[in-house]
Amino acid sequence: MTASRDHAVSWTRREVLRTGVVTAGAVALGGCAHVGAPPASPSTEPAGDLDALARRVRGRFLRDGSPLYDDARKVWNLAYDRRPLAMVRCADVDDVQRCVAFARRHRIPVAVRGGGHSYAGFGVADGALQIDLAAFNTVSVDRERRVASVGGGTRIKELLAVILPLGLHTPMGACGEVGVAGLALAGGDTSPRGLFGTACDNVIGAQLVTPDGDVRELGPDRNGDLFWAIRGGGGNFGVVTRLDFRLHPLLTQQRATFALGWNDIAGALRIFGELVQDVPDDARAGFTVDRTMGAVVSCGHYGGAAAVAAFIAKWKNAYRSVQPSIGPSVPTPQGEVWAATSLAVDGAFLTDLTDDRLVDVLARAAIAGRGVGAILLGLSNGVAARIAMTDTAYPLRGRGLSSLLSAEWHRPEDRAPAERWVAEHGAALRPWARRAYVNYLGPSTQERIRDAYGENYPRLARIKAEVDPANLFRFNQNVLPEGRS
Ligand SMILES: Cc1cc2nc3c(=O)[nH]c(=O)nc-3n(C[C@H](O)[C@H](O)[C@H](O)COP(=O)(O)OP(=O)(O)OC[C@H]3O[C@@H](n4cnc5c(N)ncnc54)[C@H](O)[C@@H]3O)c2cc1C
């Protein structure tokens with residue numbers, strides 16, 4: 001079974017050429033901006049080479065001055081207003097290889113865009129060659145083997161639209177617009193990970209265009225180092241053009257939600273901390289502080305009626321001052337919708353909430369963030385927690401709570417307070433952080449990225465040195481090639 005989305009933007013390369021857009025404007029090939037890595041040497045190639053690339057690729061080619069350039073460079077996080085050298089919506093793997101070859105030849109960094117939902121805005125970068133994978137959105141399902149193969153630019157909603165009607169599912173994030181690969185390559189904060197592991201744990205194969213331009217098949221028996229690295233190591237190792245996911249039966253979650261408001265957030269957190277010590281594999285739990293609603297606790301169970309009733313009764317008893325809303329929850333392709341906005345984020349993986357000082361830090365953040373910031377704590381339990389930390393590059397193992405602090409703004413004058421709230425309270429949480437989910441970090445220092453990966457960092461750096469010694473793929477939570485600092 002296959003499906004693919006219609007292309008919303010109908011500009012073809014031929015139209016672009018006809019209007020003369022491709023050849024318009026001179027190109028400052030050396031003017032690249034960099035994140036967390038030393039700059040590449042400036043290219044000495046003439047802009048004409050970029051024209052040659054434009055003629056050779058089959059997909060849409062845009063550069064500064066093209067009519068669609070300004071629209072196409074927008075990403076979900078509007079805080080990042082960046083100007084790539086050019087953007088190629090690759091039509092096929094050959095296009096990806098052409099772009100990678102061009103970037104390598106001219107030492108131009110590559111930005112990979114999947115669903116465009118990176119909190120850190122990594123899908124677009126100043127001076128980079130953007131490889132846009134929106135056309136890689138085919139989903140095919142082998143029902144017998146229970147495997148879905150998805151293109152590297154597929155969004156969650158496109159995957160779920162194909163597998164949910166078949167009664168199948170695989171752990172994914174909450175928002176259908178997010179890119180499957182952008183999420184799974186970094187690991188995934190997903191449900192039901194207690195039963196099936198998180199997104200990267202269900203990747204059983206992949207196709208990768210490496211920085212040397214090779215197309216490699218990855219799997220348990222093929223290119224094992226790279227297969228290990230792409231399950232948690234993000235976009236550091238090249239362009240993933242296909243991912244194969246193990247599928248599971250679609251389960252209904254019985255869910256209870258307790259809207260607790262702003263009273264005694266520390267007390268609500270302490271209760272949550274006790275309850276999550278004993279959440280079975282077939283259940284999930286989360287604690288949110290919404291900037292307007294205050295604390296909201298949710299828990300859910302995927303089991304039979306008796307197990308569900310006992311589980312929810314325990315939570316009702318613990319939060320007995322509030323009447324929960326209870327009901328079934330079945331994933332939909334679209335899931336939750338979060339409109340594009342300007343956002344600052346920080347993340348940490350917390351072991352538990354048994355230390356009262358940590359509870360106080362979180363409660364203080366919640367109160368100080370009223371009207372500004374949101375806090376999310378998602379329980380990682382069961383299968384996802386039991387996988388050994390070094391089995392994949394994804395380092396958030398052992399039972400824990402993945403936290404995300406986020407603050408948005410709509411007026412320029414609100415940016416500084418939002419960023420300050422995130423920075424201040426993110427730093428306050430750090431003493432309790434056992435690594436971090438790299439997709440929940442903003443653009444980060446090397447020290448932060450090393451901490452986030454913990455003991456998996458050295459192996460990531462070794463693999464990076466083998467496949468991407470020039471660090472062409474640096475617009476991500478960048479693992480520096482071993483030997484570079
Ligand atoms: C509204 C919203 C909801 C979210 N919900 C969740 C959630 O529930 N769970 C969760 O775990 N995360 C969630 N996230 C975080 C999300 O997983 C990351 O931001 C992720 O990087 C987005 O991927 P993308 O493809 O949409 O983004 P992009 O900006 O397109 O890509 C981000 C980076 O991922 C890498 N990348 C993407 N595709 C490829 C590829 N095919 N090959 C190589 N590298 C690639 C590149 O480094 C790229 O720069 C959410 C983010 C937002 C904005």
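Modeller: Before we start, a term: helices, of at least four residues, and strands, of at least two, are DSSP runs here, numbered from the N terminus. In those terms, threonine 198 is found in the loop between helix H7 (193-196) and strand S9 (203-209). Please keep in mind that this is a predicted model.

Colleague: Is threonine 198 buried or exposed?

Modeller: Threonine 198 counts as buried, because it has 32 C-beta neighbours inside 10 Å, and the cut-off for that class is 20 or more.

Colleague: Which residues is threonine 198 in contact with, leaving aside its neighbours within four places in sequence?

Modeller: Its contacts are Pro171, Gly187, Gly188, Thr190, Arg193 and Ala384. Take proline 171: it stands 27 residues from threonine 198 in sequence, yet the two C-alpha atoms are 5.8 Å apart in space.

Colleague: Let us step back. How many helices and strands does the protein have?

Modeller: There are 15 helices and 19 strands in the protein. Its radius of gyration is 22 Å, close to the 23 Å given by the globule rule for 485 residues, so the protein is as compact as a globular protein of that length. Along the principal axes, the C-alpha atoms fill a box of roughly 70 × 55 × 40 Å.

Colleague: What percentage of the residues count as buried?

Modeller: Of the 485 residues, 51% count as buried. As for contacts with a separation of 6 or more, 72% are between residues 24 or more positions apart.

Colleague: How many residues of domain 1 are in contact with domain 2?

Modeller: On the domain 1 side there are 15, and they meet 20 residues of domain 2. Strand S1 (2-3) and helix H4 (93-106) each supply at least two residues of that domain 1 side. H4 gives the largest share, 6 residues. By class, the domain 1 side has 7 nonpolar, 6 polar and 2 charged residues.

Colleague: Now the ligand. Which of the residues around the ligand come nearest?

Modeller: Of the 36 residues around the ligand, the nearest are Gly115, Gly173, Gly179, Gly182 and Gly235. Two or more residues of the shell come from each of strand S4 (110-113), helix H6 (180-184) and strand S11 (239-246).

Colleague: From which domains does the shell draw at least three residues?

Modeller: Domain 1 (2-132) and domain 2 (139-249) each contribute at least three. The shell residues comprise 18 nonpolar, 16 polar and 2 charged ones.

Colleague: Another topic: helix H15. Which of its residues are buried?

Modeller: In H15 (residues 457-467), the buried residues are Tyr457, Leu460, Ile463, Lys464 and Val467. They lie on the same side of H15, because they cover an arc of only 125 degrees around the axis. In general, an α-helix has 3.6 residues a turn, so residues three or four places apart point the same way.

Colleague: What do the buried residues of H15 pack against?

Modeller: They pack against helix H8 (224-230) and helix H14 (446-453).

Colleague: And the backbone: what is the peptide bond from serine 191 to proline 192, cis or trans?

Modeller: That bond is cis, with omega near -10 degrees. Proline 192 has its place in the loop between H6 and H7.

Colleague: What is phi of aspartate 264?

Modeller: Phi is near 50 degrees there, a positive value in a residue other than glycine. Aspartate 264 belongs to the loop between strand S13 (253-261) and helix H9 (265-275). With 14 other C-beta atoms within 10 Å, aspartate 264 is partly exposed.

Colleague: What about phi of arginine 435?

Modeller: Arginine 435, although not a glycine, has a positive phi of about 65 degrees. The loop between helix H13 (415-429) and H14 holds this residue. Arginine 435 counts as buried, because 23 C-beta neighbours lie inside 10 Å.

Colleague: Last one: is proline 328 buried or exposed?

Modeller: Proline 328 counts as exposed, because it has 10 C-beta neighbours inside 10 Å. It lies in strand S16 (residues 325-329) and touches Thr252 and Gln254, not counting residues up to four places away in sequence. Leucine 376 is 48 residues from proline 328 along the chain, and their C-alpha atoms are separated by 22 Å.

Definitions and conventions:
Residues are numbered from 1 along each chain as its sequence is written. This is a predicted model: local features need pLDDT of at least 70, side-chain atom pairs count only at pLDDT 80 or more; totals for chains, interfaces and linings use all residues. A residue is near a molecule or strand if its C-beta atom, placed from the backbone, lies within 6 Å of it. Ala, Val, Leu, Ile, Met, Phe, Trp, Tyr, Cys and Pro count as nonpolar, Asp, Glu, Lys and Arg as charged, and the others, Gly among them, as polar. Domain bounds come from an automatic or database domain assignment. The radius of gyration is taken over C-alpha atoms; the globule rule is 2.2 Å times the number of residues to the power 0.38. A residue is buried if 20 or more other C-beta atoms lie within 10 Å of its own, exposed if 12 or fewer, and partly exposed in between; C-beta atoms are placed from the backbone. Two residues are in contact if their C-beta atoms, placed from the backbone, lie within 7 Å. The arc is that of the directions from the helix axis to the C-beta atoms.
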